[in-house]
Amino acid sequence: MANTAQSKKRARQNERNKIVNKTRRSRVRTFLRRVEEAILSANKESAQDALRMAQPELMKGVTKGIFHKNTVARKMSRLSARVKAMG
């Protein structure tokens with residue numbers, strides 16, 4: 001348990017940041033899910049639109065420290081390759 005004032009404050013900040021990070025992570029996952037669903041529906045135009053909307057959200061996740069930049073780069077590369085490969 002936190003004893004000093006500083007450690008108590010850090011505990012409060014950690015709780016607050018945990019909630020914020022959870023909502024950000026959930027938002028990014030929602031955008032990724034939309035891209036996946038568009039790919040599975042075999043509609044290339046909607047998949048491209050979903051990917052275009054997901055990209056800034058993923059990059060925002062990197063700048064906010066939710067995801068590592070290489071993780072997001074890998075996800076974007078794989079998703080864009082799948083969208084591009086659609087007929």
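**Exercise 1. Which residues is Ala 47 in contact with, leaving aside its neighbours within four places in sequence?**

Solution. The model is a predicted one.
Step 1. Once those sequence neighbours are set aside, the contacts of Ala 47 are Ala 38, Ile 39, Val 83 and Met 86.
Step 2. Ala 47 is among the buried residues of α2, together with Ala 50, Leu 51, Ala 54, Glu 57, Leu 58 and Gly 61.
Step 3. The cover over the buried residues of α2 includes α1 (5-40) and α3 (69-84).

**Exercise 2. Determine whether the span of helix α2 agrees with its number of residues.**

Solution. 
Step 1. Helix α2 comprises residues 44-63, which is 20 residues.
Step 2. The expected span is 1.5 Å times one less than the number of residues, so α2 should span 28 Å.
Step 3. The end C-alpha atoms of α2 are 29 Å apart, which agrees.
Step 4. The 36 residues of α1 can be treated likewise: the distance from its first C-alpha to its last is 52 Å, close to the expected 52 Å.

**Exercise 3. How do α2 and α3 pack, and which residues meet?**

Solution. 
Step 1. The angle between α2 and α3 is about 175°, and their axes lie 10 Å apart.
Step 2. Angles over 145 degrees count as roughly antiparallel; therefore α2 is roughly antiparallel to α3.
Step 3. On the α2 side, the residues that meet α3 include Lys 44, Ala 47, Leu 51, Gln 55 and Leu 58. Their partners in α3 include Val 72, Met 76, Leu 79 and Val 83.

**Exercise 4. Identify the members of the largest nonpolar core that touch the most other members.**

Solution. 
Step 1. The core has 18 residues, and those touching the most other members are Val 35, Ile 39, Ala 47, Leu 51, Leu 58 and Leu 79.
Step 2. At least two residues of this core come from each of α1, α2 and α3.
Step 3. α1 gives the largest share, six residues.
Step 4. Val 35 and Ile 39 are also among the buried residues of α1, as are Phe 31 and Leu 32.

**Exercise 5. Is Ala 42 buried or exposed, and what is its phi?**

Solution. 
Step 1. Ala 42 is found in the loop between α1 and α2.
Step 2. A residue counts as exposed over 50% relative accessible area; Ala 42 has 61%, so Ala 42 is exposed.
Step 3. Although Ala 42 is not a glycine, its phi is positive, about 65°.
Step 4. Next in the chain, Asn 43 caps the N-terminal end of α2, with a side-chain oxygen 3.4 Å from the backbone nitrogen of Glu 45.
Step 5. Just after α2, Gly 65 also has a positive phi, about 85°.

Methods:
Residues numbered from 1 in each chain as written. Predicted model: local features only at pLDDT ≥ 70, side-chain atom pairs only at ≥ 80, totals over all residues. Heavy atoms only, no water. Helix = DSSP H or I, 4+ residues; strand = E, 2+ residues; numbered from the N terminus. Buried < 20%, exposed > 50% of the residue type's maximum accessible area, 1.4 Å probe, protein only. Contact = heavy atoms within 4.5 Å. Polar contact = N/O pair within 3.5 Å; in protein donor to acceptor, adjacent residues only side chain to side chain. Core = buried A, V, L, I, M, F, W, Y, C linked by side-chain atoms within 4.5 Å. Axes fitted to C-alpha atoms, helices over the stretch in contact; angles between N-to-C directions. Parallel < 35°, antiparallel > 145°, perpendicular 65-115°, else oblique.
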